[in-house]
Amino acid sequence: MLWLAVLFLVPFYVVLAIAFGTTDPIFRDPIPVWNPLNWDTSQFQYIFSHIFGADGFFGPPMLRTLLYIGGASLVCLTVAYPVAYFVARFGGRRRGVLLALLIAPFWVSYMMRMLAWVNLLEEDGWVNRFLKAVGLIQAPVSWLSGMPSTVVLGLVYGYVPYMILPLFASLDRIDQNLIEAARDLGASRVETFRRVILPLSKQAILASVLLVSLPMFGDYFTNDLLSGSPRTSMFGNLINDAIGTPGQVSEGAALVVILMVLLIPFMCYYAISTSRASREAG
Amino acid sequence: MSAAQAPVLPVPRAAPRRWPLGWLINWWRSPWRKPRILETLTWLYLTWSIIPVFIAVAFSFNAGRSRSVWQGFSLRWYFTDPVASVWHDPDLHAALFQSLRLAVLTTLIAVPLGVIFAIGIDRWHGRLPAVFNFQMLVSFVLPELVLGVALLFMVTHVLTIIPLGTSGQVIALVTFQVSFPVIIVRARMLSIGSQYEEAAMDLGATPFGAVRRVLLPMLYPAIFVSAVLVFADVIDDFVIVRALSADVSTEPMSVKIYNSARSSPSPALNALATIMLLMSALAIFIGYLVFRRTTRVEGSDGGSALDQLAIQL
């Protein structure tokens, strides 16, 4: 317990101290300020003054982050729900195989899966060649230089397995008798789904959306690999770039603090609702 | 004249609808139809999720430099190329061993620690388990970058005795990974219950002896599964490891792929990724076999082992 306190709570305090600290003018190193009474808020003032307006270079990436993550989560859900539903209810004999295939992406490194798409999406890659052969495009599209759709696709591809499994676990727990009762009482397929299955899986939908969307806020690598252009940079890229630039480290820390303040309510909601659901399940 | 005597007219059948898609509508309305649409969708998804990786693996065996034109089979990017193959390029080589080193060290530290935590939590009556559970759930949704940055600052500003590089990476990874063994071992302990231990102590075992000779052997499957999970997960980890790496020599495979995927791609990178894939796959496969075996010996059904693995994730 002490170990966890040391390695979870103290680091966040260090981040705060650096975010509210000053920067050494010569070595460009951040100087943490440990006493909260002496905290310097200039980093935050700087960031907040550059969110909106003409020189608001923080605003567009933040808005973009919300749009991309919203889009990606939505696509994830439309893909993940039917798949989880099918495996949970109609898996039958092949259920073991299907489950193994659903888990498989977990054991393929994230980087490898992104590398696979980098290969496919290159100028002379298979995607361009396929589209050309079908006749959809004449000239090769440069997918990898700042296309928002590529970034969203990458996010979906990367995170969708994390959504399918919790959805599967919850749909699997729904009592088959309830579904049969609904059908016996005259509900159509669609109605059964809408009035029985969907309400029963609502909590799982919310939890799984949070489970994929919250980590996306810290994702900078998908973006770097599949686009690398500032036109698609997101919150994660802002933090990563600031941390990597001498003199801007405390700005990065301030961005981390802002991100945490924004996300903490959602993270707590996820933790509370999930632990309650698992307690109810047994 | 009662109605019964009226000649029974054949009830005119509903005129068969001659819509071009009539069969489709009948099929849609049939209550016994199989869920073909969902099935197709599922298989489409599975194909989409796996094919790109297969293609990437295939091109690691390409004889040429291209990642999209097949130029014949060769092991050039694994061994034979004297400069750029995984075996001969010192950077790729170092990345491979760094990944293995981190995975082994982290597993060796995190798993015993996790088992101790799990037993401790089980003994400790009070609010502690709830707090612990909460913290672990939060760590699932915490953006890893936040943790990476926080740990980096921690190491560079407070615990300056810990150097960046392997030791920093291992400590950070242990922090993050210790939740796997805790969750899995604790779930297993709850299903075992305390009666075996109590019986052992009634028969004269010391509390420590009861844990060591009765409880621990029953926990082996769970311990093994968590070791496998930790190992495979560390091999795949990227954000924390990158944040805490000191220089090129302590960058493992995932960071290497990130650094060169856009700037200097070559099939050697695919080869590196394939080796990484094989290592995780091997760990999982062995883990699955052992898990199935040990659970079957105990008499629980081994067929649901995969289900359990999935849920425990």
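Start with helix α9 of chain B, residues 195–202. Of its 8 residues, the number buried is 0, so α9(B) lies largely in the open. Look just past it. α9(B) is followed by Gly204(B), and the phi of that glycine is positive, near 105°. One caution before I go on: this is a predicted model.

Now a contrast, helix α7 of chain B, residues 166–177. How many of the 12 residues of α7(B) are buried? The count is 10, so α7(B) is largely enclosed by the rest of the structure. The buried stretch runs Gly168(B), Gln169(B), Val170(B), Ile171(B), Ala172(B), Leu173(B), Val174(B), Thr175(B), Phe176(B) and Gln177(B). The geometry of α7(B) is plain. From first C-alpha to last it reaches 16 Å, close to the 16 Å expected at 1.5 Å a residue.

We have 14 helices and 0 strands. Of the 313 residues in chain B, 38% are buried. Take the contacts in chain B with a separation of 6 or more: 71% of them are between residues 24 or more positions apart.

Chain A next. Chain A has 13 helices and 2 strands. Its buried residues make up 43% of 282. For contacts in chain A between residues at least 6 apart in sequence, 65% join residues at least 24 apart.

On to where the chains meet. Chain B puts 59 residues into the contact, and chain A puts in 68. Which elements of chain B give two or more residues to the side that touches chain A? They are α2 (36–59), α5 (128–141), α6 (144–158), α10 (207–236), α12 (253–260), α13 (267–297) and α14 (305–312). The largest share comes from α2(B), with 13 residues. By type, the side of chain B that touches chain A has 43 nonpolar residues, 10 polar and 6 charged.

Then the core. The largest nonpolar core has 148 residues. Three of them touch the most other members: Met112(A), Leu115(A) and Val149(B). As a general point, nonpolar side chains in soluble globular proteins tend to be buried together.

Let's follow Val149(B). Set aside its neighbours within four places in sequence. In chain A, Val149(B) is in contact with Val15(A), Ile239(A), Ile243(A), Gly252(A) and Val256(A). In chain B, Val149(B) is in contact with Ala243(B).

Stay in chain B for one glycine. Gly287(B) sits in helix α13. Is Gly287(B) buried or exposed? The cut-off for buried is 20 or more other C-beta atoms within 10 Å. Gly287(B) has 20 C-beta neighbours inside 10 Å, so it counts as buried. Beyond residues up to four places away in sequence, Gly287(B) touches Phe224(B), Val225(B) and Val228(B). Pro221(B) is 66 residues away from Gly287(B) along the chain, and their C-alpha atoms are separated by 9.0 Å.

Back to chain A, for a helix pair. Helix α8 of chain A covers residues 176–184, and helix α9 of chain A covers residues 189–200. The two pack at an angle of about 145°, with their axes 10 Å apart. The crossing of α8(A) and α9(A) is right-handed. From α8(A), the contact uses Leu178(A), Ile179(A), Ala182(A) and Arg183(A). From α9(A), the contact uses Thr192(A), Val196(A) and Ile197(A). By type, that contact divides into 5 nonpolar residues, 1 polar and 1 charged.

Last stop, a loop in chain A. It lies between α11 (221–226) and α12 (235–244), and Ser229(A) is placed there. Arg231(A) is in the loop between α11 and α12 too. How exposed is Ser229(A)? Ser229(A) counts as partly exposed, because it has 14 C-beta neighbours inside 10 Å. Arg231(A) is also partly exposed, with 14 other C-beta atoms within 10 Å.

Two distances to finish. Ser229(A) and Tyr81(A) are 148 residues apart along the chain, and their C-alpha atoms are separated by 32 Å. Arg231(A) and Cys268(A) are 37 residues apart along the chain, with 32 Å between their C-alpha atoms.

That's my tour. Over to you.

Note on methods. Residues are numbered from 1 along each chain as its sequence is written. Chains are lettered from A and ligands numbered from 1 in the order in which they are written. This is a predicted model: local features need pLDDT of at least 70, side-chain atom pairs count only at pLDDT 80 or more; totals for chains, interfaces and linings use all residues. Helices (H or I, at least four residues) and strands (E, at least two) are DSSP runs, numbered from the N terminus. Two residues are in contact if their C-beta atoms, placed from the backbone, lie within 7 Å. Ala, Val, Leu, Ile, Met, Phe, Trp, Tyr, Cys and Pro count as nonpolar, Asp, Glu, Lys and Arg as charged, and the others, Gly among them, as polar. A nonpolar core is a set of buried Ala, Val, Leu, Ile, Met, Phe, Trp, Tyr and Cys residues joined through C-beta atoms within 7 Å. Axes are lines fitted to C-alpha atoms, for helices over the stretch in contact, and angles run from 0 to 180 degrees between N-to-C directions. A crossing is left-handed if the near helix is turned anticlockwise from the far one by less than a right angle, and right-handed if clockwise. The expected span of a helix is 1.5 Å times one less than its number of residues.
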